Amino acid sequence: MIHVGTCGFCESHAKYYRDFDAIEVQQTFYRVLQEKTLGRWRKEAPKRFTFAIKAFQGVTHPPNSPTWRRSNVKPGKDVGLLRPNSEVLHFWRLTLREAEILGARFILIQLPKSFRESEESFANAERFFEMAERGDFEIAVELRGWSEEGVKRFVREFGVIDVTDPLVRIPLHSVETNYYRLHGRYENGRIIYRHSYSDEELEKVKERVLGWNRSESFVFFNNSNMCRDAKRFKDLL
């Protein structure tokens with residue numbers, strides 16, 4: 001099965017639930033949300049609707065990241081980058097609690113470029129995944145700037161889903177579910193979110209998602225025109 005959605009609600013919740021069957025919640029990355037808000041979202045969503053949530057930035061992003069400007073939490077000096085310390089693990093537990101209330105299936109760990117491909121990063125990740133509970137959630141990890149060899153080692157060593165853009169490369173994990181994020185176009189190593197996918201690009205995405213499909217695939221659009229492009233992609237399917 002192939003499920004299509006966007007990274008964040010791109011229209012009213014009621015309309016979104018009619019148009020799509022999955023969403024990646026972005027707010028949980030920037031802020032710690034109230035439990036009543038998450039509970040309301042779960043209650044209003046259809047029974048078979050799939051939630052993925054983005055782990056709070058205290059797990060992944062260091063305190064100098066500009067993303068903290070939008071947060072309702074003040075970061076300590078050693079947060080982020082999967083550092084296996086008490087503050088990072090505290091933020092991970094908050095993410096787990098939010099995922100439980102929302103009835104989420106996936107938790108996305110989106111790591112910044114400052115989480116470099118190095119033995120230090122592997123050591124931090126190894127200790128983090130040893131100490132962090134997973135509950136019943138499937139963990140998806142997006143690594144940026146890593147070699148294919150490094151990504152393959154990471155996702156297979158820690159048993160997580162390799163999050164990738166199907167226009168860039170094939171998923172390298174060994175688990176049964178694929179998780180794609182389409183951010184727009186790439187230019188000189190930068191992501192250009194202000195992008196509308198052409199018919200040819202969407203056809204190529206369809207071809208690759210179908211060709212690489214396992215038991216299930218989730219395709220989340222994260223570009224500036226994500227709502228329209230996600231609907232166009234659904235029509236192609």
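Is isoleucine 101 buried or exposed? Select isoleucine 101: with a relative accessible area of 18%, this residue counts as buried, because buried means under 20% relative accessible area, exposed over 50% and partly exposed in between (1.4 Å probe, protein chains only).

The model is predicted, so local features need pLDDT of at least 70 and side-chain atom pairs count only at pLDDT 80 or more, while totals for chains, interfaces and linings use all residues. Residues are numbered from 1 along each chain as its sequence is written, and side-chain values use heavy atoms, with hydrogens and water left out.

Next, select Glu35, Leu38, Gly39 and Arg42. Isoleucine 101 is in contact with these four, leaving aside its neighbours within four places in sequence (contact means heavy atoms within 4.5 Å). Arginine 42 is 59 residues away from isoleucine 101 in sequence, but 7.7 Å away in space, C-alpha to C-alpha.

Now turn to the largest pocket, with a volume of about 520 Å³. Of its 24 lining residues, select Tyr30, His61, Thr67, Gln110 and Arg144, the closest to its centre. A pocket is an open set of points on a 1 Å grid over the protein atoms alone, where a 1.4 Å probe fits, with protein on both sides within 12 Å along at least five of seven lines; lining residues have an atom within 4 Å of a point. The volume is the space filled by probe spheres set on the points, which are joined across faces, edges and corners.

Last, select Leu143, Arg144, Gly145, Val168 and Tyr186, which lie nearest the centre of the second largest pocket, among 17 lining residues. This pocket holds about 380 Å³ of space.
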